[in-house]
Amino acid sequence: LRLPQSFLEESNACFERLFEKLGERFDVTSINASCALDFLICSLVPNMRSVLDYGAGFGRQAFLFSQIPDVNIFANDAIETSYVSQHWVYDTLGFPLWEYFDQQSSLTEFLETEGAKIIHIPTWQNGLIPDSSLDLVLFVWCLSEMSHDAAQYALETCTKKLREGGHIYIRDCPYGHGWHIEKQLVQLGFLPAFQPWQLNDTETHGAPRLYRYMPRYLNKHNTFFSSLFFSVGRKRAFSPKQVLVRLRRVLPF
């Protein structure tokens with residue numbers, strides 16, 4: 001997979017601004033590649049206007065997603081050091097920022113302003129995100145670090161915030177959860193929109209997977225799709241051609 005040079009350069013430009021503020025630098029080649037990969041795959045999502053970066057790390061997803069005109073980026077975290085790091089990064093890069101712990105205006109007023117902007121909230125304030133409003137939720141090396149109950153709660157909460165037709169993007173080790181996350185997704189009403197052919201050798205970089213929320217066509221009582229998509233070997237998934245052959249007479253689109 002060839003990553004667009006413009007994505008790599010934009011990510012690196014953000015790091016250069018952070019290095020200038022820090023007074024030191026380090027090799028960010030692999031991080032730039034991760035930023036570009038995540039954004040490239042999520043570019044498959046049409047008309048992105050509202051994105052949630054769940055467990056946002058140090059806030060790197062904003063480097064590229066902020067390039068989308070008028071996008072609202074919700075970034076959350078429950079870990080204090082990560083939350084403080086995110087705030088410093090967003091503030092240093094000069095992103096229009098609504099900070100839960102330092103509110104200068106109401107969230108409603110802030111969301112009505114023009115241009116790309118970031119809404120920074122602790123995880124326990126996800127209720128501030130309007131229901132059925134998100135186009136995309138990012139779980140990058142996040143769900144695999146949670147307990148089963150915490151991850152299930154996060155998925156169920158974010159599903160309520162997604163609009164129908166919205167997407168969830170996951171990148172981690174697919175079988176590092178200790179539970180069948182894909183089966184949980186299909187029960188919540190998701191269909192895979194993208195997943196790699198090879199699912200091995202992912203412990204370092206993770207395997208990117210994109211799922212579309214389609215509750216009208218898939219519900220928790222439907223076992224056909226579960227067996228079709230997720231009864232696969234631990235190292236290999238269906239090819240796109242195989243999936244299309246199985247779906248062409250099933251889905252109404």
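**Notes on a predicted model**

1. Let's start with a salt bridge: Asp 172 pairs with Arg 209, and their closest N and O atoms are 2.9 Å apart. (A salt bridge here is a side-chain nitrogen of Lys or Arg within 4 Å of a carboxyl oxygen of Asp or Glu.) The pair ties together distant parts of the chain, with Asp 172 in strand E6 (residues 162-172) and Arg 209 in strand E8 (residues 207-213), 37 residues apart. Helices (H or I, at least four residues) and strands (E, at least two) are DSSP runs, numbered from the N terminus. Both Asp 172 and Arg 209 are buried. (Buried means under 20% relative accessible area, exposed over 50%, and partly exposed in between, using a 1.4 Å probe and protein chains only.)

2. A word on the ground rules. This is a predicted model, where local features need pLDDT of at least 70 and side-chain atom pairs count only at pLDDT 80 or more, while totals for chains, interfaces and linings use all residues. Residues are numbered from 1 along each chain as its sequence is written, and side-chain values use heavy atoms, leaving out hydrogens and water.

3. Back to charges: the whole structure has seven salt bridges. One of them joins Asp 131 and Lys 161, with the closest N and O atoms 2.7 Å apart. Here too distant parts of the chain are linked: Asp 131 sits in the loop between E4 and strand E5 (134-140), and Lys 161 in helix H6, 30 residues apart. Asp 131 is exposed, at 52% relative accessible area, whereas Lys 161 counts as buried at 9%.

4. Arg 25 and Glu 16 also meet through their side chains in a salt bridge (2.6 Å, N to O). Arg 25 is exposed at 54%, and Glu 16 is partly exposed at 30%.

5. Now have a look at strand E2 (residues 72-77). Six of its six residues are buried, so the rest of the structure largely encloses this strand. Asn 72, Phe 74 and Asn 76 point one way, while Ile 73, Ala 75 and Asp 77 point the other.

6. What does E2 pair with? (Strands pair if DSSP finds at least two bridges between them.) Tyr 54 has Asn 76 as its bridge partner; Ile 73 has Ile 118.

7. Finally, Thr 159 lies in helix H6 (residues 148-161) and is buried at 7% relative accessibility. The side chain of Thr 159 reaches the backbone oxygen of Leu 155 at 2.7 Å.

Methods: Polar contact = N/O pair within 3.5 Å; in protein donor to acceptor, adjacent residues only side chain to side chain.
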